[in-house]
Amino acid sequence: MRIWWCCLLWLVVAIAHADALPPSMPPIQVRVHQEPPGSLMQGETTRIVVDLLTPDFFTDAPVLPELHIDGAYLSLSDETPGHLVETINGQTWSGVSRTYLITPLMSGAMEIPSFEITAHIGAQRTPVAVQTQPLALQVRALVLPVGVTEALIAGSVKVTQTVTPQDGSLHVGDTVTRRVEISAEGAPAMMLPPTAFAPVNGLTLYAASPVTRDAVDNHGGFVGGSRVDTASYVIDHRGRYTLPPVSVRWMDSRTREWRETTAPAVHFHAWWGGTDKPRFALPKGGFMPRLIGWLSSDEGLGVLLLAVLAWFGWRFRDAWQARWAQWKAWRYRRRHSEAAAFRAVSRQRHTTSAVALAGAVDAWVRRAADDGGPSSVTAWAARYGDASLQAHWNALQDALYGQSASTWSAPGLIDGLALARRHWKHRQRWWQRRPALPPLNPTS
């Protein structure tokens, strides 16, 4: 009997001691890894995936802290990847994943320190705090090309722009809005460079605040980022304007080659006098105000200019006809002058046709005779040339009409004619400088 009482007393003490112990903590596992693994390029964006697993279930989303690392952009992504299901030691574990996006700005070794994650597990919503393991990253240095100040590494970059209004009916005082969107695959929005809207003479620039966002796919995975910059240009003066193109230099994350994506320039023309019309404006009274408004526009000024030109053409039509006739006569004389005929002879320097050369020389001799020159090449050689000119001309004549073909030289004949022509021109200028009257006091 005493033994039974001892056993009962021991059982009561064991039950009381069990009630006094704190409940056991639910099991939980945490993993931190880089995806994809490997070394990074300075300025390249990668994913740091945090997996949480438990044999029970999560009642709420785990709470992950906002991390700060010197020399890197690190942010908690909004992507929502699918749930995890794994078998560990023959037991089914389920879990969730969260992702950090990290972009290192410095090269060398970089470490993501250990941080604490809080989760609620099971039907009792038991809070559990778990500590992660540190993660080491290796970052390679990036050499920027000339003219590039910011490193953008992405799978692809697209630059699109929208310009409003698009009908082209712009006047002084109107506003042209240019919207430029930069979309990059694999790069977060915070890494996209801002669009630099260059000032344009004659336009007043007003830039708006940028709009950035990260994009995810249908499964909640991170795709890339986009940045939208908008600027408004108020037209101050009439004229033609050009908004310069927008270019983005970036490195292809697959091939490691630098590329450039450009949005084209924008061209538009602004007219005069385009006042804004109120939505509920009363019609203008009278014909004259509308006529004056139309005449002050570009169309009205163009019509007035054409009318003035037409009146001047009709008023001075006789003078215009006389000037036109004089110009035609001057053009005819220039085309048929002695100088033009000799230029035709000079163009035969490399000819191999004796007939063509003889024809050009004959045409020049006849035209020069009208201005007082000799009437034949023989006379030119006798008065202004020399024996070599006569010899070259005789060789050409023998090639044309002789019994046997003689050796003739087109450059030799043309050079001889050019020398004789210079002597003739010099003699003409000398005779023109002689006084028309005899000397008043002759010495002899």
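What percentage of the 444 residues of the chain count as buried? In this predicted model, 33% of the residues fall in that class, where buried means under 20% relative accessible area with a 1.4 Å probe, protein chains only. Residues are numbered from 1 along each chain as its sequence is written, and side-chain values use heavy atoms, with hydrogens and water left out. Local features need pLDDT of at least 70 and side-chain atom pairs count only at pLDDT 80 or more, whereas totals for chains, interfaces and linings use all residues.

The average pLDDT (the predictor's confidence in each residue, from 0 to 100) is 82 for the chain, and 83% of the residues score at least 70. Over residues 16–25 pLDDT stays under 50, and the model has one contact (heavy atoms within 4.5 Å) beyond four places in sequence for them. Residues 275–282 also have pLDDT under 50, with one contact beyond four places in sequence.

Of the contacts between residues at least 6 apart in sequence, 69% join residues at least 24 apart.

Rolling a probe the size of a water molecule over the atoms shows where empty space is left. One cavity of 30 Å³ or more is found in the whole structure; a cavity is a set of points, on a 1 Å grid over the protein atoms alone, where a 1.4 Å probe fits but cannot get out. The largest cavity has a volume of about 30 Å³, taken as the space filled by probe spheres set on the points. Its lining residues, which have an atom within 4 Å of a point, are Val32, Ile48, Val50, Leu67, Leu74, Tyr100, Ile112 and Phe115.

Definitions and conventions. Buried means under 20% relative accessible area, exposed over 50%, partly exposed in between (1.4 Å probe, protein chains only). On a 1 Å grid over the protein atoms alone, a cavity is a set of points where a 1.4 Å probe fits but cannot get out, and a pocket is an open set with protein on both sides within 12 Å along at least five of seven lines; lining residues have an atom within 4 Å of a point.
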